Amino acid sequence: MRRAAATCLLVTAAALAGCASSTPAGSKAVATPATASTTASASASAASTTASPVASPSASDNPTRAWALNSPQYSAVTSAFIPMAATIMSAHEDTAKVGKACTEMAKTVNGQQPEAGSPAEWSQALGDLQKAAKLCDAVTAGDADAYDQLQDDFSSAVNHLKPLTEQI
């Protein structure tokens, strides 16, 4: 089960890295070593799937894509999500590292309200990330129950982000 969750997390992080790298010029996107490798994975994956004869919809044909490409909130939150996802995958049992990454993510997600026009999946994912962010201190302190809850909340966020990234 954890392996399947890690695979889903990797796929979602890769998709988000690709989306974050195509944000508008006025948006801030944070590049990390993790995003470089996931972007490469996303590019390789995209190259293998775009050979189909069906053209992908343009932003004007897809309101979710148009929202994501023009949303500073989406760009900021996904840029904070990606290092957290990479830390969970690479330092799975190191609660201090996961807690520190969680604290960094919390700086971005706490206080955010879904933007007007954002898809329902975004509202749900943002809510799950905010629930996870409330557990950062307890996870850093080594609380096993808080760590399990953080993973559950983060996995739920991933489950909401996955269909969103597929629409983008």
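Mentor: Gln73, Tyr74, Val77, Thr78 and Phe81 of H4 meet Trp122, Leu126 and Leu129 of H6. Contact here means heavy atoms within 4.5 Å. Helices (H or I, at least four residues) and strands (E, at least two) are DSSP runs, numbered from the N terminus. By class, the contact of H4 with H6 has six nonpolar, two polar and no charged residues. In this scheme Ala, Val, Leu, Ile, Met, Phe, Trp, Tyr, Cys and Pro count as nonpolar, Asp, Glu, Lys and Arg as charged, and the others, Gly among them, as polar.

Trainee: What kind of model is this, and how are residues numbered?

Mentor: This is a predicted model, in which local features need pLDDT of at least 70 and side-chain atom pairs count only at pLDDT 80 or more, while totals for chains, interfaces and linings use all residues. Residues are numbered from 1 along each chain as its sequence is written, and side-chain values use heavy atoms, with hydrogens and water left out.

Trainee: At what angle do H4 and H6 pack?

Mentor: Axes are lines fitted to C-alpha atoms, for helices over the stretch in contact, and angles run from 0 to 180 degrees between N-to-C directions. The axes of H4 and helix H6 (residues 120–133) are 12 Å apart, at an angle of about 45°. H4 is therefore oblique to H6. The cut-offs are these: under 35 degrees is roughly parallel, over 145 roughly antiparallel, 65 to 115 roughly perpendicular, and the rest oblique. H4 and H6 cross in the left-handed sense. A crossing is left-handed if the near helix is turned anticlockwise from the far one by less than a right angle, and right-handed if clockwise.

Trainee: How do H4 and H5 cross?

Mentor: Their axes come within 9 Å and cross at roughly 175°, so H4 is roughly antiparallel to H5. From H4, the contact uses Ala76, Val77, Ala80, Met84, Thr87 and Ile88; from H5, it uses Lys97, Val98, Ala101, Cys102, Met105, Thr108 and Val109. Sorted by class, the contact of H4 with H5 has ten nonpolar, two polar and one charged residues.

Trainee: Which residues of H4 meet H8?

Mentor: On the H4 side they are Tyr74, Phe81, Met84, Ala85 and Ile88, and they meet Leu150, Phe154, Val158, Leu161, Leu164 and Thr165 in H8. The contact of H4 with H8 divides into ten nonpolar, one polar and no charged residues. Helix H4 (residues 72–90) and helix H8 (residues 144–167) have axes that come within 12 Å and cross at roughly 130°. The pair is therefore oblique, and the crossing of H4 and H8 is left-handed.

Trainee: How many helices and strands does the chain have?

Mentor: It has eight helices and zero strands. Of its 168 residues, 42% count as buried. Buried means under 20% relative accessible area, exposed over 50%, and partly exposed in between (1.4 Å probe, protein chains only). Among contacts between residues at least 6 apart in sequence, 75% join residues at least 24 apart.

Trainee: Which cysteines form a disulfide?

Mentor: A disulfide is a pair of cysteine sulfur atoms within 2.5 Å. That rule gives a count of one. Cys102 is joined to Cys136, with an S to S distance of 2.0 Å. The pair links distant parts of the chain, 34 residues apart: Cys102 is in helix H5 (residues 95–109) and Cys136 in helix H7 (residues 136–140). The link of Cys102 and Cys136 is left-handed, with -70° about the S-S bond. Cys102 is buried at a relative accessible area of 0%, and Cys136 is buried at 3%.

Trainee: Is Val98 buried or exposed?

Mentor: Val98 is buried, because its relative accessible area is 1%. Val98 sits in helix H5. Not counting residues up to four places away in sequence, Val98 touches Met84, Thr87, Ile88, Ala91, His92, Val139, Tyr147 and Leu150.

Trainee: And what of Ala138, in terms of accessibility?

Mentor: Ala138 lies in helix H7 and counts as partly exposed, at 27% relative accessibility. Leaving aside neighbours within four places in sequence, Ala138 is in contact with Asp143 and Ala146.
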